[in-house]
Amino acid sequence: MIDTLKQKTESHIISASMSFGVSNHLSLSASVPLIINRSVNKFLDQMATNFGDLSVTAQLFFGTRLFSKPVNGQLALGTTFPIGGGVTNVMTDERNFASGTVDPIASLIIAAGISPGWILTGKFFARQVVATSSDNQRTGNHYSYVLETNYAPLGRSYTANFGMLAVSRSQDEIDGVLFPNSGGNWIYAIAGGSKTITGDGESAVRLWTEFQLPVHVNVNGLQLTEKWNFRFGLSTGISIFGHDEPKKKSDIFTVPPSKD
């Protein structure tokens, strides 16, 4: 929820994704967000619903050992495709939650087991906007960095995580000119967790939550800024070809999923 100059904005994002496992080390994924946005001030009460960009990626999974500890990783490379216009930013009348162009995206997740049940995780995501939309606009590049500790005890149905999130977004361009009320840097403290509702393995239905509290905000010009973010969702999966189970108990942990 965002509140500034007697303006309130609530955004609800419903993301659907699908993955296909090509092999034990490679998968293909597609995801698309549905954005429901409500903006209220003393002049209007406006609701907008639209799709964001479709993201298509290929993920490469790898694992090794460092100082006798297991280290797993996931490298993802892909592209965004505009299938909707996003929703309108009521303060600037520009698009939000969508670049509106075909642009490369990349992410990297490294998870290192530090002790039984405890995992140290680093995440990086980048959306590099290289194209200009048909209305001569270019949204800013987006980069995010996460460092968190995950507690995932073997044989238990819950996990917990806490850490820090940093987000950097460059300014938008309109007709080749930088838009002053766009772009900035944010740092959040994050805490969350997940709980298995039913099932086990890849087909388990899990409820996950995450709370984000901004501890540093530096934006350009006049922009809406968050007081807090709360996210939650359900996740499940279906294994088509299956995969080999790990041989050693010390190797039994997975890369924590990205919620972006």
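Guide: Let us begin with a term: a salt bridge is a side-chain nitrogen of Lys or Arg within 4 Å of a carboxyl oxygen of Asp or Glu. With that rule, a search of the whole structure, which is a predicted model, finds three salt bridges.

Visitor: Why is the pair of Lys123 and Glu148 called a salt bridge?

Guide: The side chains of Lys123 and Glu148 come to 3.4 Å, counted from N to O, and the limit is 4 Å, so the pair qualifies as a salt bridge. This pair joins distant parts of the chain, with Lys123 in strand 10 (residues 118-127) and Glu148 in strand 12 (residues 142-151), 25 residues apart.

Visitor: What makes Lys123 and Glu148 count as buried or exposed?

Guide: Buried means under 20% relative accessible area. Lys123 has 15%, so Lys123 is buried, and Glu148, at 2%, is therefore buried as well.

Visitor: How do you know that Arg231 and Glu210 form a salt bridge?

Guide: The closest N and O atoms of Arg231 and Glu210 are 2.8 Å apart, which is within the 4 Å limit, so the name salt bridge applies. Here too the pair links distant parts of the chain, since Arg231 belongs to strand 18 (residues 229-235) and Glu210 to strand 17, 21 residues apart. Glu210 has a relative accessible area of 6%, under 20%, so Glu210 is buried, whereas Arg231, with 23%, falls between 20% and 50% and is therefore partly exposed.

Visitor: Why is the pair of Tyr151 and Tyr158 called tilted?

Guide: The structure holds four aromatic pairs, and one of them is formed by Tyr151 and Tyr158, whose rings are 6.4 Å apart from centre to centre, with 50° between the planes. Ring centres must lie within 6.5 Å to pair, and planes under 30 degrees apart count as stacked while those over 60 count as edge-to-face, so an angle of 50° leaves the word tilted. Tyr151 has a relative accessible area of 25% and Tyr158 has 30%, so both lie between 20% and 50% and are partly exposed. Ring pairs also link Trp118, Tyr151 and Tyr158 into a cluster.

Visitor: What is known about His216 itself?

Guide: His216 lies in strand 17 (residues 205-219), and its relative accessible area of 40% falls between 20% and 50%, so His216 is partly exposed. His216 and Ile187 are 29 residues apart in sequence, but their C-alpha atoms are 5.0 Å apart in space.

Visitor: Why are strand 11 and strand 15 called edge strands?

Guide: In an open sheet of three strands, the order is 11-14-15 and the pairing is antiparallel. Strand 11 (137-138) and strand 15 (177-178) are the edge strands, as each pairs on one side only.

Visitor: How do you know that strand 11 and strand 14 pair?

Guide: At least two bridges are needed for two strands to pair, and strand 11 and strand 14 (residues 173-174) have two, so they pair, in the antiparallel sense. Within strand 14, Glu173 is the bridge partner of Arg138.

How values were computed:
Residues are numbered from 1 along each chain as its sequence is written. This is a predicted model: local features need pLDDT of at least 70, side-chain atom pairs count only at pLDDT 80 or more; totals for chains, interfaces and linings use all residues. Side-chain values use heavy atoms; hydrogens and water are left out. Helices (H or I, at least four residues) and strands (E, at least two) are DSSP runs, numbered from the N terminus. Rings of Phe, Tyr and Trp (its six-membered ring) pair if their centres lie within 6.5 Å; planes under 30 degrees apart count as stacked, over 60 as edge-to-face and the rest as tilted. Buried means under 20% relative accessible area, exposed over 50%, partly exposed in between (1.4 Å probe, protein chains only).
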